[in-house]
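Please prepare a short briefing on the structure shown below.

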Amino acid sequence: MDRAIIHLNVTDFAVAVERIGDSSLRHSPLIVASGIAGKSRAVVYDMSEEAYQDGVRKGMSLQQANRYCRAARIIPPRPDRYRRAMAALVKGVIHYTPLVEKGEEDGHLFLDVTGTHRLFGPAPDIAWRLRKQLAADLGLDPVWSIASSKLVAKVASRMVRPFGEYIVGAGEEHVFLAPLPLSMLPGLTAEEIKILQDFNLHRIGQLAELSRRQLLVPFRKRGSYLYEASRGRDHTAVRPVPEKGDSFSVEHIFEEDTASYTEVEAAVAMLVHGVGRSLRRRNMLGRRLKLVLVHADGKKSQRQVGRKGGSDNDFVLRNMAFGALGQVWGRRVRVRSCVLICEHLLPRSPQQALFVLKSLREEQQEKIITAMDQICSRFGDGSIVLGNACEVRV
Amino acid sequence: MTSETLCPVLVGTSGYSYTEWVDSGFYPQGTRTPEMLNIYARSFPIVELNYTWYQMVRAEAISRMISKAPEEFLFAAKLTRTLTHERDRNWQQEVKKYREGIRPLQRQLTVILIQLPSSFDWSRNNRYYLAHLLDSLHGFPLAVEFRHVSWVRDSVFAELEKRHVTLVTVDAPPVRGLFPCLDVVTNPDLFFVRFHGRNKQGWQSENIQKKFDYCYTDEELQQWNEQYLNPLRRNADRGVVFFNNHVRAQAPANGKFFQEMLLQ
């Protein structure tokens with residue numbers, strides 16, 4: 001059976017949410033900018049379609065954005081509000097399918113409605129009803145698209161945004177993508193596009209004409225992704241929304257943007273202790289750590305590392321986090337903040353000690369962690385940290 | 001009445017791309033979406049495209065679809081919802097897009113179906129809008145399906161007749177305020193029938209699976225044929241009949257019986 005994936009995308013999500021709360025913001029171009037206005041570090045977090053048409057882009061410095069769109073009103077971002085709006089979006093669609101994947105406060109939702117036709121009818125009807133329902137209940141008007149994969153559905157949404165809908169029939173992925181420019185293919189970096197353009201390749205269809213072997217030479221491991229994606233093949237599942245309480249995050253914002261690996265590593269080590277302590281308090285184990293680096297241009301890089309069985313041991317978690325940092329580090333843009341997300345929580349089994357023999361080293365580590373927890377409970381979080389966390393300027 | 005005086009009738013269903021028709025046995029097990037139209041065309045000579053109601057038609061998608069059907073196969077296409085149910089001030093732009101998008105289908109296009117919502121009553125604004133909409137779609141064969149009873153007027157039928165626009169004959173549940181089933185022919189070139197099923201409870205629900213969950217009995221279809229179809233066939237050169245009760249493949253089952261009944 002062909003999969004039916006619906007992509008709902010509320011374009012300019014932060015702007016859309018702000019405009020629901022304050023109707024006066026609907027009458028002029030709007031820029032949502034993080035940082036302090038007037039300071040060089042302030043960057044565009046989101047912008048309205050009018051501001052976009054004037055040349056404003058996400059991650060652009062606010063000063064530059066202001067020059068492009070002088071009529072724009074500027075407001076600070078309110079991530080909490082966007083998070084709540086995302087939660088409301090998910091709540092509005094969850095009764096159609098349990099397979100709903102959401103982005104991070106960005107207005108993107110993927111729904112896998114394969115096999116739900118007997119209950120709710122064909123996928124286009126579901127998508128249309130969802131859009132109507134979200135518009136009526138939340139005042140949000142998402143673009144919707146339907147395809148057999150997340151990748152193709154995402155491209156289809158890009159084709160019609162800021163308003164509209166697009167249905168890509170199963171089996172038509174290849175012909176749908178072929179005439180589109182390379183920049184429309186999700187996941188391609190600017191460097192990869194540049195390499196392809198150097199080969200005089202400008203359309204996705206041209207990329208799809210290359211064999212795996214041909215792509216292996218310039219792109220190594222990434223060649224496989226390019227091969228599949230250019231043909232509209234994407235078998236990644238729609239990952240359901242984690243249950244409430246199934247993840248939590250901690251964040252560190254650097255006082256000044258940094259390009260120092262050591263400084264970021266130290267910050268990550270400090271965050272690890274916060275994550276570990278929180279897990280121990282909840283009597284849970286974390287099975288996956290996701291590290292997100294937020295760069296000075298507003299873009300994010302992220303990697304995740306998993307551990308079967310999970311852990312709440314700071315030393316283990318630190319190794320996982322450093323592993324993720326090693327993978328994610330590479331963009332030549334300064335880092336503004338880092339976020340450590342602990343996911344896939346597992347209740348700690350009280351019987352574990354009966355079956356697992358701990359090494360001397362592990363016992364020592366546990367004693368150190370217990371002592372650190374006691375000090376932190378008495379003198380506050382951050383009063384004692386692991387050695388390589390000391391270089392963080394707080 | 002002899003069969004010589006009755007016009008030919010093409011029977012089809014409203015939509016063909018339903019996954020549940022594989023489960024229900026109309027399509028062979030394992031049939032994938034791209035193969036459906038070709039298999040459908042072995043049973044019916046015409047289909048009503050209803051995905052064109054959900055999204056604006058695009059020429060490239062229409063061209064791809066035509067290539068999967070036999071050359072002599074025919075289509076009826078629903079007008080997009082932004083021109084019927086969710087229209088706004090820029091509706092003329094939408095008409096322009098529709099005209100361009102539907103162009104590749106022109107040779108195999110029997111009619112464009114303008115299905116109006118039940119809230120679309122015989123008010124001055126709505127009459128004004130409908131007149132402009134029909135004008136803007138000039139050159140295409142058109143059929144109008146009203147859902148509101150207030151359009152049952154001789155003046156409406158006369159205007160449609162003047163414009164050579166087909167009034168759609170509907171078989172639907174007996175719901176108050178709904179446009180009734182009539183054998184009025186306003187366009188001698190073509191009559192157009194839609195069988196929605198008679199699930200009164202489902203009709204009032206928001207769920208499409210309940211709304212169109214109905215299976216006509218052979219007796220109901222035979223009776224309908226005598227009461228409505230024969231008068232329609234006497235007054236037109238050609239007719240199309242679509243079954244919209246798609247749930248559990250009841251539409252193709254009823255459609256096949258209807259075809260056999262017409263051959264007798």
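**Briefing**

In chain B, B:V9 has B:G239 of β8(B) as its bridge partner. The strands and helices named here are DSSP runs, numbered from the N terminus, with at least four residues (H or I) for a helix and at least two (E) for a strand. This is a predicted model, in which local features need pLDDT of at least 70 and side-chain atom pairs count only at pLDDT 80 or more, while totals for chains, interfaces and linings use all residues. Residues are numbered from 1 along each chain as its sequence is written, and chains are lettered from A and ligands numbered from 1 in the order in which they are written.

**The barrel of chain B**

- In chain B, 8 strands close into a barrel with parallel pairing, in the order β1-β2-β3-β4-β5-β6-β7-β8; two strands pair if DSSP finds at least two bridges between them.
- The twist from one strand to the next averages 25 degrees; axes are lines fitted to C-alpha atoms, for helices over the stretch in contact, and angles run from 0 to 180 degrees between N-to-C directions.
- Strand β1 (residues 9–14) of chain B is parallel to β8(B), and 5 bridges link them.
- On β2(B), β1(B) also pairs in the parallel sense, over 3 bridges, and B:G12 is opposite B:I46 there.
- Strands β7 (residues 191–195) and β8 (residues 239–243) of chain B run parallel and are joined by 5 bridges; B:F195 stands opposite B:F243 in β8(B).

**The sheet of chain A**

- An open sheet of 5 strands in chain A has the order β5-β6-β1-β7-β8 and mixed pairing.
- Its edge strands, each pairing on one side only, are β5 (100–102) and β8 (165–167) of chain A.
- From one strand to the next, the twist averages 15 degrees.
- Strands β1 (residues 5–9) and β7 (residues 143–147) of chain A run antiparallel and share 5 bridges; A:H7 has A:S145 in β7(A) as its bridge partner.
- Helix α6 (residues 123–138) of chain A lies across β1, β7 and β8 of chain A, at about 165 degrees to β7(A).
- Helix α7 (residues 150–160) of chain A lies across β1, β6 (108–112), β7 and β8 of chain A, at about 145 degrees to β7(A).

**Cores and domains**

- Chain A is divided into domain 1 (8–117 + 129–140), domain 2 (173–230) and domain 3 (247–389); these bounds come from an automatic or database domain assignment.
- The centres of domain 1 and domain 2 of chain A, taken over C-alpha atoms, are 30 Å apart.
- The largest nonpolar core has 135 residues, and A:I6, A:I31, A:V44, A:I146 and B:V144 have the most contacts inside it. A nonpolar core is a set of buried Ala, Val, Leu, Ile, Met, Phe, Trp, Tyr and Cys residues joined through C-beta atoms within 7 Å.
- Helix α6(A) gives the largest share of this core, 6 residues.
- The core lies between domain 1 and domain 2 of chain A because both give residues to it.
- Neighbours within four places in sequence aside, the contacts of A:V44 include A:I31, A:A33, A:V56 and A:G298; contact requires C-beta atoms, placed from the backbone, within 7 Å.
- A second, separate core of 29 residues includes A:L285, A:L289, A:L340 and A:C342.

**Where the chains touch**

- In chain B, 12 residues are in contact with 19 residues of chain A.
- Elements giving two or more residues to this side of chain B are α3 (51–54) and α9 (208–211) of chain B.

**Backbone details and burial**

- The peptide bond from A:R161 to A:P162 is cis, with omega near 15 degrees; A:P162 is in the loop between α7 and β8 of chain A.
- A:D12 is not a glycine, yet has a positive phi of about 50 degrees. A:D12 counts as buried because 23 other C-beta atoms lie within 10 Å; the cut-offs are 20 or more for buried, 12 or fewer for exposed and partly exposed in between, with C-beta atoms placed from the backbone.
- B:A249, also not a glycine, has a positive phi of about 55 degrees, and is buried with 21 other C-beta atoms within 10 Å.
- B:R42 is exposed, because 7 C-beta neighbours lie inside 10 Å; this residue is in the loop between α2 (36–40) and β2 (46–49) of chain B.

Definitions and conventions: Two residues are in contact if their C-beta atoms, placed from the backbone, lie within 7 Å.
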